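User: Hello! I am new to this structure and would like to learn how to read it. Could you walk me through it one feature at a time?

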Amino acid sequence: MKTTDTPPPADTPPPAGPQDPAGTQDPAAAGTVTARPAVSKTAPPSAGGSKSGGVLNVFSHGVLVIWAVLVVMPLLWAVMTSFKDDRSIFTEPWSLPDSLHFENWSRAWTQAHMSDYFLNTVLVVAGSLVGTLLLGSMAAYVLARFEFPGNRFIYYLFIGGMSFPIILALVPLFYVMNNLGLLNTIHGLILVYIAYSLPFTVFFLVSFFRTLPTSVAEAAIIDGASHTRTFFQVMLPMAKPGLISVGIFNFLGQWNQYLLPTVLNTDPENKVLSQGLVQLAVSQGYKGDWSGLFAGLVMAMLPVLAAYIIFQRQVVAGLTAGALK
C-alpha cells in the first residue's frame, strides 16, 4: 500500500496544457501550476469630489468676475465721462459721448494748472523713488548678509517703523521741517517721502537678499572686488526683480500720497497732483465744470495704470522670487 506525502487536492483540477484540449495531461506535470500576474485595479475617482471641485471652481471664477467688474467699471466710466460735455454728464451719465471733447483735457491741463501739479509730482516721486531704492537696498544688503552686534535690533527698528501711524508724527515732523528750513520745498518733501518709504523697502529687500546665492559674492571678493563694488556690480543687478517690485509699490504709494504734502507743502507753486485734484474739485464744483474735473482725474490716474500694466510681470516675478531658492 503506497501513501503520498502531499496528496493533491481532489477538488482542484489541474490546468490544461496548450496541447491538451481535453484537459488530460501527464500526472508528473500536474503538480506544477503557472502563477498568473496580479492585475491591479485603480479605484475610479469619486463623483462627489469632482462635483465639489467644480462648484468651488465656478464660485471662485464668479467672485473674480464680480471683483473685476467693480474695479474696471468705475475706471471706464471716468474715462468716458472725461470726453463728455457738462450737459451730457447729468442727462445721460451712462451713455457714450456723442463726440470726443478734447477741450476738457486742454482746459484742465492749462486753466486748472494740472501741468504744474503734474511736473511737481514727477520731480518729487522720481527723487524719492531713487533715494528710497538706493538707501533701502544698501541697508537691506548689510542687514541680510553681514552679522554684527545690533543687526537684529536695527532690523526690528525698521519693522517698527512700518507699524507706526504716520498721523501721529505729523505735528513733530512739521516743526522739524520748519526748523531745518525744508518746509514748503520740493527737496524737503522728497526727504520725507524717503523716510516714509524706507521701512517697507528694507523689510522687503532683506528677505530678497537672503535668497541670493552667497557663492557669487564670495567669488567676487576672492577676485579682489571690494564690498562696495560687489554690491553695485554683482548683487544689485541680481536683485533687479525685487527692486522693480518694491519700486512699483513705492511709486503707487508716493504718487497717491495726500496727507504728507497737505501738512508739509502749503505753497501753491509746489503743490503736487493730489493737492491739485482737491483744489480742482473745489473750484470746478462751484463753476460747474465737471467735465474738466473728470479730465484732471483721469490725468492723475493714467500714470499709475501705465506703470502697473508695463511692469506687472516684473512685480509678480519679484514677489515669487523670494519663495524659490
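User: What percentage of the residues of the chain count as buried?

Analyst: Let me start with the ground rules. This is a predicted model, in which local features need pLDDT of at least 70 and side-chain atom pairs count only at pLDDT 80 or more, while totals for chains, interfaces and linings use all residues. Residues are numbered from 1 along each chain as its sequence is written, and side-chain values use heavy atoms, with hydrogens and water left out. Now to burial: a residue is buried under 20% relative accessible area, exposed over 50% and partly exposed in between, with a 1.4 Å probe and protein chains only. Here, 33% of the 325 residues of the chain count as buried.

User: How many helices and strands does the chain have?

Analyst: Both are DSSP runs numbered from the N terminus: helices are H or I with at least four residues, strands are E with at least two. This chain has 14 helices and zero strands.

User: Which contacts should I look at for the chain as a whole?

Analyst: A contact means heavy atoms within 4.5 Å. Take the contacts between residues at least 6 apart in sequence: 72% of them join residues at least 24 apart.

User: How do α4 and α5 pack?

Analyst: For a helix pair, axes are lines fitted to C-alpha atoms over the stretch in contact, and the angle, from 0 to 180 degrees, is taken between N-to-C directions. Helix α4 (residues 114-145) and helix α5 (residues 151-163) pack at about 140°, and their axes are 10 Å apart. Angles under 35 degrees are roughly parallel, over 145 roughly antiparallel, 65 to 115 roughly perpendicular, and the rest oblique. The pair α4 and α5 is therefore oblique.

User: Which residues of α4 and α5 meet?

Analyst: From α4 come A139, V142 and L143, which meet N151, I154, Y155 and F158 of α5. These residues divide into six nonpolar, one polar and no charged. In this scheme Ala, Val, Leu, Ile, Met, Phe, Trp, Tyr, Cys and Pro are nonpolar, Asp, Glu, Lys and Arg are charged, and the others, Gly among them, are polar.

User: How does α5 pack with α7?

Analyst: Their angle is about 130°, with the axes 7 Å apart. That makes α5 oblique to α7. On the α5 side, the contact includes R152, Y155 and F158, and on the α7 side L198, P199 and F200 are among the residues. By class, the contact of α5 with α7 has 10 nonpolar, one polar and two charged residues.

User: Which residues have a positive phi although they are not glycines?

Analyst: Phi is a backbone angle to check residue by residue. Two cases to look at are H113, with a positive phi of about 60°, and N184, also with a positive phi of about 60°. H113 lies in the loop between α3 (103-110) and α4, and N184 in the loop between α6 (170-179) and α7. H113 is partly exposed at a relative accessible area of 41%, and N184 is partly exposed at 25%.

User: Where is P213 found, and what does it touch?

Analyst: Look in the loop between α7 (186-211) and α8 (214-222). Leaving aside residues up to four places away in sequence, P213 touches R145, M235 and M238. P213 and M235 are 22 residues apart along the chain, and their C-alpha atoms are separated by 9.3 Å. With a relative accessible area of 39%, P213 is partly exposed.
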